[in-house]
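Please keep the sequence and the structure in view while I speak.

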Amino acid sequence: MSHRVLVEAGPAAGVAVLKFRNPPVNALSLEMLMELVISLEKLENDKAVRGIVITAENPGIFLAGLDLTEMCGRNPAHYAKYWEAVQELWLRLYQSSKVLVAAINGACPAGGCLASLTCDYRVMADNPKYTIGLNETQLGIIAPFWFKDTLVNTVGHRAAEQALQLGTLFPPAKALQVGIVDQVVPEEQLQSAALSVMAQWLAIPDHARQLTKTMMRKPTVDQLVKQREADIQSFVGLISQDSIQRALQTYLQKLRQKKG
Ligand SMILES: CCCCCC/C=C\CC(=O)SCCNC(=O)CCNC(=O)[C@H](O)C(C)(C)COP(=O)(O)OP(=O)(O)OC[C@H]1O[C@@H](n2cnc3c(N)ncnc32)[C@H](O)[C@@H]1OP(=O)(O)O
């Protein structure tokens, strides 16, 4: 039974809707990652499902990214387990044979942006409070190569380099201009726009679309698969450094003080 991920049948045949519901901010905790992987595996094996709309149950925050509390003050074994789960989610999403459409109905930083970038199409609600991007450098950390490659595959090298170095969080119109999202729509039309684009993608025969998706994505997937263990060790080494721990603690404190 999943608590943090809700899967519903969509209003259209063959379409499921997967909703994030991990209050307060839909951070990707270890439990959330594991529940997402299980839900995605079930959907992948369900032949009746051809497409999945991915969204947040409550508008405001799509995903707050990786859970910073999983990466602060823990031991190396925990960091390794956590990072393996992050890799697993990315691999499931990026290699999914289904059509994935992200209906971005809230803030979408870092790991949240990465999850949306694995989708085949991104529709974002036109709300200036919502931003999207790989903002890792703003936290004093570096997006791993497979985060970078997923962005490069979406927006091209130059735009990706600039966005990554600056850790830019783009509001909807700018995100559309850069190509990080494919469509921006009024907030109340988000779900219908996502379903409408899903219908267009589902009009293509599955086998032809799936083989094309694999052809386009396999080189990026293979890069991680062939060095998965080394990538885990690299993460554990970096995240355990005092300077990185200090940077993350400072960032978390800033988030907490924002309210006070
Ligand atoms: C060297 C190593 C390589 C690492 C490679 C990759 C690493 C990281 C990728 C990531 O995904 S890092 C996470 C990046 N995420 C962010 O920068 C988002 C931070 N959060 C926000 O900007 C805001 O919280 C929000 C999502 C826009 C929501 O704002 P709101 O005002 O609604 O809520 P807050 O008051 O800010 O937060 C409520 C509560 O949640 C805690 N929190 C927020 N984000 C996270 C998070 N990502 N992980 C854990 N906890 C989070 C926040 O501290 C508040 O806690 P309390 O004060 O209530 O205890």
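Helices and strands here are DSSP runs, numbered from the N terminus: a helix is H or I with at least four residues, and a strand is E with at least two. The model is a predicted one, in which local features need pLDDT of at least 70, side-chain atom pairs count only at pLDDT 80 or more, and totals for chains, interfaces and linings use all residues. Residue numbers start from 1 along each chain, as its sequence is written.

I begin with the loop between strand S6 and helix H3 (111–117), where Ala 110 lies. Although Ala 110 is not a glycine, its phi is positive, at about 45°. Most residues other than glycine have a negative phi, and most peptide bonds are trans. A residue is called buried if 20 or more other C-beta atoms lie within 10 Å of its own, exposed if 12 or fewer, and partly exposed in between, with C-beta atoms placed from the backbone. Ala 110 counts as buried because 25 other C-beta atoms lie within 10 Å.

The peptide bond from Pro 23 to Pro 24 is cis, with omega near 5°. Asn 26 has its place in the loop between S2 and H1 as well. The phi of Asn 26 is near 55°, a positive value in a residue other than glycine. Is Asn 26 buried or exposed? Asn 26 has 26 other C-beta atoms within 10 Å, so it is buried.

A residue is taken as near a molecule if its C-beta atom, placed from the backbone, lies within 6 Å of it. The ligand is surrounded by 29 residues, of which Gly 65, Leu 66, Ala 110, Gly 111 and Leu 238 are the closest. Strand S6 (106–109), helix H9 (228–239) and helix H10 (242–257) are the elements that give two or more residues to this shell. Which element gives the most? That is H10, with four residues. By type, the shell has 20 nonpolar residues, four polar and five charged. In this count Ala, Val, Leu, Ile, Met, Phe, Trp, Tyr, Cys and Pro are nonpolar, Asp, Glu, Lys and Arg are charged, and the others, Gly among them, are polar.

S6 also belongs to a sheet. Two strands pair if DSSP finds at least two bridges between them. An open sheet of three strands runs in the order S4-S6-S8, with parallel pairing. S4 and S8 are the edge strands, each pairing on one side only. Strand S4 (residues 60–61) and S6 are joined over two bridges, and Ile 61 has Ala 107 as its bridge partner in S6. Two bridges also join S6 to strand S8 (residues 132–133), where Ile 132 stands opposite Cys 108.

Finally, the interior. A nonpolar core is a set of buried Ala, Val, Leu, Ile, Met, Phe, Trp, Tyr and Cys residues joined through C-beta atoms within 7 Å. The largest such core has 66 residues, and those touching the most other members include Ile 132 and Leu 134. Helix H2 (residues 76–94) supplies the largest share of this core, eight residues. With contact meaning C-beta atoms, placed from the backbone, within 7 Å, Leu 134 touches several residues beyond four places away in sequence, among them Ala 110, Cys 113 and Phe 147.

Key:
Two residues are in contact if their C-beta atoms, placed from the backbone, lie within 7 Å.
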